[in-house]
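Keep the 3D view open as you read.

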Amino acid sequence: MIENQAKVEDTVVHEADEATMKNLIGKEWFPVSDRPRYGLIPLLVGTLKITLLAILFAAPIAILAALFSASFAPYWLREIIKPAIELLAGFPSVVIGFFALMVMASFFQNIFGYDTRLNAFVGGVAMALAAIPIIYTITEDALTAVPRSYTEASLALGASRWQTALFVTLPAATPGIFAAILLGIGRIFGETMIALMATGNAAMISVNPFESVRTLAATIGAEMAEVVFGDTHYSVLFLIGSLLFIFTFGLNALAEFYVKGRLVKRFQGK
Amino acid sequence: MNRKTRITGTLFIGTTAFSAFLIIAVIIILLVVIVIGGKDTFSWKFLTSFPQDGMMKGGIFPAIYGTALLVLIMSVAAVPFGTITAIYLTEYASEKSILAQTIRFAVRTLATVPSIIFGLFGLGFFIKFVGGEMDSVFLGGQLKWGQPNILWASLTMALLTLPVVIVSVEEAIRAVPREMREASLALGATKWETIRRIVIPGSRSGIMTGTILAISRGAGEVAPILFTGAAYYLASLPTSLSDQFMNLGYHIYIMATQSANVDQTLPIQFATTLVLLMLTFMLNLTAVIIRSRLRRKAK
């Protein structure tokens, strides 16, 4: 899929192989050519696009599902839903990527009839599958941690079960849900294997969800093995790695600020 | 309650139920598709034979062997180190000390760092720095350790799985009843003796759970080993720590995206995915069972 990168005629005159600021904020990512261009903008746009798509799928579904298992589902059903979603958390991302590449891509192509088989939409749905268990688990924890006195007071005042869940439990758990979404974004942002396998890996700037994207993480994964040690390309890939690290670190620090402790532990420990 | 709120309520509960079942349905579809796609190729022979005809036929034994070796070396590195950290955090460090809080924050950060970053770290630190220095000091610049191999890949993976071990062991140590500790101390045992004779044996199942979860995670991750030691195809099994290795997850990735004829090898890809999925599934299930027993004991 890496070969998807279209070869563009190399007519523009550029500076030598240097990662200058001007070069880095360029709109083209052609690290392997006579005049390499290391424009990070398409990679950033691609990553943001796919993160937005994936979180738009994952967050509502995961939060509603958590609300169902925390507030409405009978005990026996909750005992099925929770372990099943924890099982999904244990799926290696290469398996989800493979499923997206072989099954989901064609399935969605039949429905939507787009041209590029591997695109941001397919990648986004696949990454949502990776993010759902995280968001679900943390949201569920936050919802069940809401004190019983809240819900009992609401029920005693005559509110129905769904009103209590929507207007009392859910708002009370907002910090936890916020943290859940942040950690979900962090997971999607750094996801490599799904991006490599299901997004088409063409670095282009567009807002169309049915076009290929190349994410920051996938760029490192695809190019690091072939790069010459100490080369400019090598350094630029490490720069991308630093960006990824700083961004996810910031997200986690923010999530930590909202819900101190024990949540990451839950989803890491399954 | 009027009719309108009742209908809204039913719709709302219906939406939440739908979301939950949608997730379950996708999980079931994923499992069914992979089982159906892989079941015809999956056989004992597939598991125990080498790839043939440029990986167009044959089995995946080297990939299974490589994955097993990877998680073995990884566990040898991650489990003792993680256990010691957990013991320090629960038994020695005070809850409020800055050092302990910093360590906890670092462990949580480590748990959420994207796996590809571990790969970069492995390449920059283990391969280029440690390996490169080893070559120039011991081998006079001859390239042996300064390139991707199974040792560096395993150590990279060990860093990735370290938080899993620490969190599990900590939980188990906390589940050791206070009375047992106090009884031991009252009988004149020192703190270290109490830890060695009471705490560690008491948290054995937690160490086990941590190890299993770490293995499950390590067996499935591909991003950290993309450029720290995994190889596309090797004619022989790795025999030394400086050899490269084949890996189940990497095998799936390569076969599905880079091989010459993706369609022809599709059954092999599905069967490999099935093997990896079964492996992680069984490991996780074992960990869940051990852990639920541990929790019941703690109650």
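Which residues touch the most other members of the largest nonpolar core?

## The nonpolar core

They are A:A100, A:A131, A:I132 and A:I135, in a core of 165 residues. Please keep in mind that this is a predicted model. If you pick out A:I132, you will find that it touches A:A58, A:I61, A:A62 and A:L88, and also B:I23 from the other chain, leaving aside residues up to four places away in sequence. As general background, nonpolar side chains in soluble globular proteins tend to be buried together.

## How the two chains are built

Chain A contains 12 helices and two strands. Starting at the N terminus, its elements run α-β-β-α-α-α-α-α-α-α-α-α-α-α. Of the 270 residues in chain A, 51% are buried. Among its contacts with a separation of 6 or more, 75% come from residues 24 or more positions apart.

Chain B has 11 helices and two strands, and its pattern along the sequence is α-α-β-β-α-α-α-α-α-α-α-α-α. The C-alpha trace of chain B spans about 80 × 70 × 35 Å along its principal axes. Buried residues account for 46% of the 299 residues in chain B. For contacts in chain B between residues at least 6 apart in sequence, 75% link residues at least 24 apart.

## Where the chains meet

Now look at the boundary between the chains: 54 residues of chain B are in contact with 52 residues of chain A. On the chain B side, the elements that contribute two or more residues are helix 1 (3-39), helix 4 (98-112), helix 5 (115-138), helix 6 (150-175), helix 9, helix 10 and helix 11 (266-298). Helix 1 of chain B gives the most, with 16 residues. By residue type, the side of chain B that touches chain A divides into 34 nonpolar, 17 polar and three charged residues.

In chain A, helix 10 (residues 216-223) is largely enclosed by the rest of the structure, because seven of its eight residues are buried. The buried ones are A:L216, A:A217, A:A218, A:T219, A:I220, A:G221 and A:A222.

The loop between helix 9 (193-198) and helix 10 of chain A holds A:N201. This residue has a positive phi of about 60°, although it is not a glycine. A:N201 counts as buried because it has 25 C-beta neighbours inside 10 Å, and the cut-off for that label is 20 or more.

B:T239 and B:I150 are 89 residues apart in sequence, while their C-alpha atoms are 10.0 Å apart in space.

The model scores ipTM 0.91 and pTM 0.89. Chain B has a mean pLDDT of 90, with 99% of its residues reaching 70 or more.

Technical notes. Residues are numbered from 1 along each chain as its sequence is written. Chains are lettered from A and ligands numbered from 1 in the order in which they are written. Two residues are in contact if their C-beta atoms, placed from the backbone, lie within 7 Å. Helices (H or I, at least four residues) and strands (E, at least two) are DSSP runs, numbered from the N terminus. Ala, Val, Leu, Ile, Met, Phe, Trp, Tyr, Cys and Pro count as nonpolar, Asp, Glu, Lys and Arg as charged, and the others, Gly among them, as polar. A residue is buried if 20 or more other C-beta atoms lie within 10 Å of its own, exposed if 12 or fewer, and partly exposed in between; C-beta atoms are placed from the backbone. A nonpolar core is a set of buried Ala, Val, Leu, Ile, Met, Phe, Trp, Tyr and Cys residues joined through C-beta atoms within 7 Å. pLDDT is the predictor's confidence in each residue, from 0 to 100.
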